[in-house]
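Thanks for coming, everyone. Let me walk you through one structure. Have a look at it first.

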Amino acid sequence: PVGDAAGVAGVIVATAGHVDHGKTSLVRQLTGVNTDRLEEEQRRGMTIALGFAYRKTAAGPAIGFIDVPGHRRFINTMISGIRGVDLGMLVVDAHEGVMPQTLEHLRVMDLLGVRETLAVITKTDSAAPERVHALSETLRGLLPAAPLFPVSSLTGSGIAPLLGELDARAVTNRARSVRGHFRLSVDRAFVLKGTGLIVPGTAMAGRVTVGDSLRLYTARSGSEGVKLRVRGIHAQDEAAPTGQAGQRCALNLVGDVDRAEIQRGDMLADARCVAPSPRFDACLRLLDDLPFPLKHLQPVKLYLGARRLSARVYFLDAGTPPAEDGRVVAGQERLVQFILEEPLQVCWGDRFLIQDDSESVILGGGAVLSPHAPQWHKRRAPRLVRLRILNQEEPAEILRHCL
């Protein structure tokens, strides 16, 4: 169960881009599904919550779409939706061009490790060709390696080539490794009449099978979690005997838990997985253009999986000498410890992002190195050497250095 076997192919795509640039209309054109399911979203014509849609390819693998809000007020929702995806689809209005949220969403994708992207110019049916050409050049400057698709969701122009690209990626996408114990960050929970409790989310690691026992870690569950049994699985919008890393899964669960106790960001995990901890060590990359320096032990908002919570940043390494008041300059990669307001279940390699405590500015992002960090003697030289060894992408390389 903790091997490195590959799973089925397929791809999870998240939209990104400024508000009212046509992300939801594009997903509807690609899938036939209106991801604005809330009455308020339909009335206002603006995405508020995460939306989900699926498309089956002719070859079999499915494409899962996560449609995120574009408005600055809902950046927290966007961050929770973009994690763990295979492909980012940047959507830009041919008339308005690159806007503030376009750039902020690009930054979020970069910090959360979304390496594969493509760009889509929408509303080309009512834009002059020279305008589309100029915007294409701008986007090639922002995303030099990304394929570019001018489309119109109204007329369908350009949709076929985009679908061809997505279908090809679903077939050729290297299936994500399922090594490690199963973990799923919860998006939401609801009760379906005649079925029971349903918990959807994106699987972060491992594989789960009908009949397996899992632990649900909530704000009230403590370090032991709540024991639940998997009665049914929908993976990529189809009933399945298993679900695994890289798939959108909805689990039908049985156990002693009330739906009202489950919040977005709670973690479902194999019982053998690491328990929640009030602190973890990480590698943090600070942005080059911070509007203000970050202080030692400064309060921040931390986003990991679908969870958002308050934390303090404890700088472990010396890095560039800080200012006299303890501030740390921008543009650095630092070893840090996050001291959390409540315990959180994390594992090595989990990607995170931080904002200032008022949630108005993105400060940086990085990856978890040590899930259970010590409270005392955390700056000892041997510990820092070990953390630097852990700050690599391949476990085999880490083991080689340790040996």
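**Cavity and sheet**

The count comes to one cavity of 30 Å³ or more. A cavity here is a set of points on a 1 Å grid, over the protein atoms alone, where a 1.4 Å probe fits but cannot get out. This is a predicted model: local features need pLDDT of at least 70, side-chain atom pairs need 80 or more, and totals for chains, interfaces and linings use all residues. Residues are numbered from 1 along each chain as its sequence is written, and side-chain values use heavy atoms, without hydrogens and water.

How big is the largest cavity? Its volume, the space filled by probe spheres set on the joined points, is about 40 Å³. Lining residues have an atom within 4 Å of a point. Among them are R83, L112, Y303 and F352. Strands β19 (299-304) and β23 (351-356) each supply at least two lining residues. Strands are DSSP runs of E, at least two residues; helices are runs of H or I, at least four.

Now the sheet. Six strands form an open, mixed sheet, in the order β2-β3-β1-β4-β5-β6. Strands pair if DSSP finds at least two bridges between them. β2 (51-56) and β6 (148-150) stand at the edges with a single partner each, so one side of each has no neighbour in the sheet.

Take β4 (87-93) and β5 (117-122). They pair in the parallel sense over six bridges. L90 stands opposite A119 in β5.

Last, a helix. α5 (129-142) lies across β4, β5 and β6, where contact means heavy atoms within 4.5 Å. Thanks.

Key. On a 1 Å grid over the protein atoms alone, a cavity is a set of points where a 1.4 Å probe fits but cannot get out, and a pocket is an open set with protein on both sides within 12 Å along at least five of seven lines; lining residues have an atom within 4 Å of a point. Axes are lines fitted to C-alpha atoms, for helices over the stretch in contact, and angles run from 0 to 180 degrees between N-to-C directions.
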